[in-house]
Every structure is written in structure tokens, then in C-alpha cells.
Amino acid sequence: MASVLLVEDDHVVRGAMLRSLTDRGHAVHAVGTALDALRRVAAETPDLVVLDLGLPDLDGSDALRMLRGITDVPIIIATARDDEQSVVKLLRAGADDYMVKPFTGAHLDARITTVLRRAGRASRSVQPAVHSVGGLRVDVGERSAQLDGEPLALTRKEFDLLAYLAARPGRVVSRRELLEEVWRQPSVGEDQTIDVHLYWLRRKMGESAAKPRYLRTVRGVGFRLVAPD
């Protein structure tokens, strides 16, 4: 049984999918807008999200990028768009799979099982690590971080950003790499997301861009995490 968040604005389709997945043993919570989906994921992370693209408040492709900013759970796109360019764009934006409407409950259930199995294999193949840089300790398995023995109260993405940099101490990591690997978003144009998260992360670590200790900016290139001098 999986915990599934179903994001579908058509109440008839939503009801049919809800009944079908529930009958197959899944715990399903259904919402009709992108905003409700973001709130639900932030409050209680499901095992998987089924995301319709034709939402009333936000295009599903934009909702996908926003969801990828706060969660790494598998996302299956439910769409009427079957052209190759749209599909490729969605997969590059962070979707794990897609299904072209209409489809049966049995087909959706089979896709959910496959995506979750694939995600499970990936998580088992990578052993949780603990990264230590100077007085900084980042435990990926426990999703906890300490600085000089004191715990850091980090948001989900602040931790993901710190863990990614801590796993590559001394190495300059580009903005493009962070967007693609941490946020699971294509790097298009200027994005202030990294700067905002880095600003708050620095504040919580007791440093600033003007007086860095661990988090160093390499102008025009990216960022690196190093032990203080």
C-alpha cells in the first residue's frame, strides 16, 4: 500500500481515480488545485504524487517545478499532451513518469507500483552518508546537521543544499548543477532560489556572504564548502 496524493481538478475523474486506487489498497488524498497540492506535500510527504497538468490555478508544468523545489518524492504526470516535446520537457523538469489520458485504474496502479519499485531500488543502492567538514557534521541518513556540536534547524531544501555541498568539500559547484541536482529543475536564465536559500543557510550557520566561514561564493562560477581557516 502506498500513500498517494492525487492532484486532479475534474471532480468526476478525481472521484473515479480515488475509488480505483483506494480499492487497490492505496491510501489516497485528493486535491483539485496546485496550491492545495503544495500545502499537502509540505505538511505531510506522500509516497507518490499523481499530477494533472490542467489545473485551474497554475499550469501543471509550473506546479511540477514548484513541487520539485520542496520534495523528491516520485511524481507521475497525468496529461492529455502526448507530443514528444512536451513529454521530454516534463521528464527533464523532474517528472518520474507520465500517462496520457484516458487510462484505466489498473494501468495507473501498475505505473505507481513500477515507479515506487524503481525509487526503492535507487534509495537502497546509495548508503546514507555522514559528511564532516571542520566543525560541520551532516548526517544524510538522519537528515540532521550540527555545527560545533549544536544542531542546525534547517528547512528541507536548506538541508539538501548543505548536504550536496558537504559531500563535495572544496569543489566549486555551479548554479546549473545545484538547480539540476538539488532542485531537479532545468537551469534556464537567472534563478534567485539558490541565493535565497544560501542567504538563510549562512545566517543559521552564523556567517554572511561578506564574512564567509564555510560557504564561499566563487564569483561567476558557483559555490563551494570548505573548512574555516
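This dialogue goes through a predicted model.

Reader: What is the mean pLDDT of the protein?

Author: The mean is 86, and 93% of the residues reach 70 or more.

Reader: Over which residues is the pLDDT below 50?

Author: Where pLDDT is low, the predicted coordinates should not be read in detail. Here that concerns residues 122–127, where the pLDDT is below 50. Beyond near neighbours in sequence, this stretch has zero contacts in the model.

Reader: In what order do the strands of the open sheet stand?

Author: Strands of a sheet pair through backbone hydrogen bonds, either parallel or antiparallel. In this model four strands form an open sheet in the order S6-S7-S8-S9, with antiparallel pairing. Strands S6 (130–133) and S9 are at the edges; each has a single partner strand, so one side of each has no neighbour in the sheet.

Reader: Over how many bridges do S7 and S8 pair?

Author: Strand S7 (residues 136–139) pairs with strand S8 (residues 144–147) over four bridges. Val138 stands opposite Ala145 in S8. Helix H6 (residues 156–166) lies across S6, S7 and S8, and runs at about 110 degrees to S7.

Reader: Is Val4 buried or exposed?

Author: Buried means under 20% relative accessible area. Val4, in strand S1 (residues 3–7), has 1% relative accessibility, so Val4 counts as buried. Leaving out residues up to four places away in sequence, Val4 touches several residues, including Leu21, Val28, Leu48 and Ile112.

Definitions and conventions:
Residues are numbered from 1 along each chain as its sequence is written. This is a predicted model: local features need pLDDT of at least 70, side-chain atom pairs count only at pLDDT 80 or more; totals for chains, interfaces and linings use all residues. Side-chain values use heavy atoms; hydrogens and water are left out. pLDDT is the predictor's confidence in each residue, from 0 to 100. Contact means heavy atoms within 4.5 Å. Helices (H or I, at least four residues) and strands (E, at least two) are DSSP runs, numbered from the N terminus. Buried means under 20% relative accessible area, exposed over 50%, partly exposed in between (1.4 Å probe, protein chains only). Two strands pair if DSSP finds at least two bridges between them. Axes are lines fitted to C-alpha atoms, for helices over the stretch in contact, and angles run from 0 to 180 degrees between N-to-C directions.
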